[in-house]
Amino acid sequence: MIDLRSDTVTKPTAAMRHAMAHAEVGDDVYGEDPTVNRLERRAAELTGKEAALFVPSGTMGNTIAIKLHTQHGQEVICESRAHVLDWELAMMAWFAGCVGRPIAAVDGILTWEQIRAQVKPLSPHAAPTGLIAVENTHNVAGGTVYPLETLREIGYEAHRLGLPVHMDGARLFNAVAASGHSAAKIAAPVDTVMFCLSKGLGAPVGSMLAGPRVLIDAGRLLRKRLGGGMRQAGVLAAAGLLALEEMPARLSEDHANARWLATQLATLDGIQVDPARVRTNIVFFDVSGTGWTAAAFSAALKERGLIMSAFGAREIRLVTHYDVSRVDCEAAFAIVQEVSRLRPPV
Ligand code: TLP
């Protein structure tokens, strides 16, 4: 099987498995796991924040961040296809008592002008704004990357109004590879940033939440409340450290594979995709011109050894990652081509 469903499917490298087997560990709930402590220090350093917290998943990192920044009954401004809104089981409502205020934005990239129009002060009718959440790279918009200037304006103006900003940077290092800016530079305008070790960086488990020390200390208690006290988590952190040191440099290979696939797919009759829009490792293509539904198309791909996810009735998402080589991408393209030429099922 060639698995292009997501970069979450990556398996730990041989070096990671070795480091996990030999990791120095302690009880992290007591703050005594030296490997977790090293990972947290390194994540803080790389993102230019005071402190960082190792969490089991990106969803937990975002959930903790939203709770840290808000009070019950507030709104969280986010893009209309944001992961925090659509893919996290309404955690902002369940855990933080907040509702999302979605704004549809071109390429998933919010501008301050759009945000400003939705910021609500205290009033007898409306829920006040508690937080602005940006997603970088933006998953469902196709792995798009925030321009630094846009982020800086959002951060500066939000802070002038006393509003915090959180970045869902699940794929922060893809943004780093695409833009050439450091993680610290990209995260500088925001108060907290979450990024995942377990996606393109290849670690088996884990994400980091970085920000000011007072918030991260409070976040540690929220992580425990959510069942995220992980004890001898150094076995996981050891893989995370390698993910941080060794994997970011190769992400541009995934980006080149994604662009290559999009360019090939664009040549097929009935398939719509704009290769010029591909900035990182995520590609959405529309199969409706072939007469197939996305679900049936994806099922036909799977029968031939290729997994890609249907998103809605017309679109399929592919995500490149280090377990998929250029040769695999060539084979994947041949399978898509074959299916696109078949008569759709009636
Ligand atoms: N995204 C997954 C699915 O949940 C859709 C994927 O396959 O892309 N923020 C963003 C932007 C994400 O894309 C994801 C995962 C998360 C947060 C959550 O991370 P996890 O899966 O570790 O909870």
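Contact here means heavy atoms within 4.5 Å, and helices (H or I, at least four residues) and strands (E, at least two) are DSSP runs numbered from the N terminus. The model is predicted, so that local features need pLDDT of at least 70 and side-chain atom pairs count only at pLDDT 80 or more, while totals for chains, interfaces and linings use all residues. Residues are numbered from 1 along each chain as its sequence is written, and side-chain values use heavy atoms, with hydrogens and water left out.

In helix α2 (residues 34-47), T35, V36, R38, L39, R42, A43 and L46 meet G234, A237, A238, G240, L241, L244 and E245 of α11. Sorted by class, this contact has 8 nonpolar, 3 polar and 3 charged residues, where Ala, Val, Leu, Ile, Met, Phe, Trp, Tyr, Cys and Pro count as nonpolar, Asp, Glu, Lys and Arg as charged, and the others, Gly among them, as polar. The axes of α2 and α11 (residues 234-246) lie 8 Å apart at an angle of about 30°, the axes being lines fitted to C-alpha atoms over the stretch in contact and the angles running from 0 to 180 degrees between N-to-C directions. The two helices are therefore roughly parallel, a term for angles under 35 degrees.

The aromatic side chains come next. Rings of Phe, Tyr and Trp (its six-membered ring) pair if their centres lie within 6.5 Å, and planes under 30 degrees apart count as stacked, over 60 as edge-to-face and the rest as tilted; by this rule there are 5 aromatic pairs. One of them joins W260 and F333 edge-to-face, at 6.4 Å centre to centre and 80° between the planes. This pair links distant parts of the chain, since W260 belongs to helix α12 (residues 251-265) and F333 to helix α14 (residues 326-340), 73 residues apart. F333 has a relative accessible area of 10% and is therefore buried, which means under 20%, with exposed over 50% and partly exposed in between (1.4 Å probe, protein chains only).

F284 and F311 also pair edge-to-face, because their ring centres are 5.2 Å apart and their planes stand at 90°. As F284 lies in strand β9 (residues 282-286) and F311 in strand β11 (residues 309-311), the pair ties together parts 27 residues apart in sequence.

Finally, S288 sits in the loop between β9 and α13 (294-303) and, with a relative accessible area of 29%, is partly exposed. Not counting residues up to four places away in sequence, S288 touches G270 and R314.

Technical notes. Parallel < 35°, antiparallel > 145°, perpendicular 65-115°, else oblique.
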